[in-house]
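Let's walk through this one with a few questions and answers. Take a look at it first.

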Amino acid sequence: MSSVEKRQVEEAAPTQAWLMGAAGWLVPGVGHLLQGKWVRALLLGGAVWVCFIAGLWMGGHLFIVKSGEAGSSMLYQVPPMIANLGTGLLYLICWFFDTGFSDDPVNAARATYEYGNTFLLVAGLLNYLCMLDAFDISAGRKS
Amino acid sequence: MKHFLVMTSFAALAAVVLGIVAKDTQRERMVYGVKVFGEFLAIGLVLGWILYFLPF
């Protein structure tokens with residue numbers, strides 16, 4: 001097998017890897033759980049879940065692009081929304097029940113409000129890393 | 001104290017994920033996780049003190 005062919009075989013990710021990545025995104029930890037990586041699923045998934053729940057508990061705000069907002073103001077919501085979306089189903093459930101999205105001045109006045117925002121953003125970003133890890137394990141690029 | 005506790009929790013959660021994801025062996029993960037945790041705390045405290053002396 002030539003080196004080019006060998007590289008193509010190595011780079012082609014199986015469908016299962018994409019499914020594991022998607023599962024890991026949708027429910028934090030499940031991507032590893034489905035591959036039998038119990039400890040890793042517990043630690044990674046647990047960290048994301050705790051981060052998200054702590055963020056909501058501290059009064060953090062989840063971001064969403066609202067159509068009613070003016071041009072640039074709407075664009076400012078896109079990057080944090082992408083970060084929040086990283087938590088998959090957790091974000092979608094909150095969106096469905098309209099939890100954490102309201103601009104409540106009482107919440108904003110809390111000392112932990114900004115911490116809550118940070119926890120929620122970082123929960124999503126960490127889950128993107130976990131998702132990639134699950135993908136790599138399934139594709140055989142990592143042990 | 002509450003702020004420090006929140007910062008410590010944040011550092012611990014991020015360190016767990018970064019440690020597991022970034023390294024391959026158990027030992028490397030432990031060392032890297034502890035290093036990330038320590039760095040988060042140290043940088044947070046240093047920045048806190050720098051900002052404390054700023055008048056605005």
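Q: What share of the 143 residues of chain A counts as buried?
A: This is a predicted model, so the figure is computed from predicted positions. A residue is called buried if 20 or more other C-beta atoms lie within 10 Å of its own. Over the 143 residues of chain A, the share that passes is 38%.

Q: Which kind of secondary structure makes up chain A, helices or strands?
A: Reading from the N terminus, the elements go α-α-α-α-α-α-α-α-α. That gives zero strands, and what chain A does have is nine helices.

Q: Among contacts in chain A between residues at least 6 apart in sequence, what percentage joins residues at least 24 apart?
A: Start with the pairs that are at least 6 apart in the sequence of chain A. Now keep those at least 24 apart, and you're left with 71%.

Q: How do α4(A) and α9(A) run, roughly parallel or roughly antiparallel?
A: Their axes are 7 Å apart and the packing angle is about 160°. Angles over 145 degrees count as roughly antiparallel. So α4(A) and α9(A) are roughly antiparallel.

Q: How many residues of chain A are in contact with chain B?
A: On the chain B side, 10 residues take part. Those divide into eight nonpolar, one polar and one charged. Across from them, the number in chain A is 16.

Q: Where α4(A) packs with α1(B), which residues of α1(B) make the contact?
A: Helix α4 (residues 38-57) of chain A and helix α1 (residues 2-22) of chain B pack at about 150°, their axes 10 Å apart. They are therefore roughly antiparallel, and the crossing is left-handed. From α4(A) come R40(A), L43(A), L44(A), A47(A), V50(A), C51(A) and A54(A), and from α1(B) come S9(B), L13(B), V16(B), V17(B) and I20(B).

Notes: Residues numbered from 1 in each chain as written. Chains lettered and ligands numbered in written order. Predicted model: local features only at pLDDT ≥ 70, side-chain atom pairs only at ≥ 80, totals over all residues. Contact = placed C-beta atoms within 7 Å. Nonpolar A, V, L, I, M, F, W, Y, C, P; charged D, E, K, R; others polar. Axes fitted to C-alpha atoms, helices over the stretch in contact; angles between N-to-C directions. Helix = DSSP H or I, 4+ residues; strand = E, 2+ residues; numbered from the N terminus. Parallel < 35°, antiparallel > 145°, perpendicular 65-115°, else oblique. Left-handed = near helix turned anticlockwise from the far one by under 90°. Buried ≥ 20, exposed ≤ 12 C-beta atoms within 10 Å, placed from the backbone.
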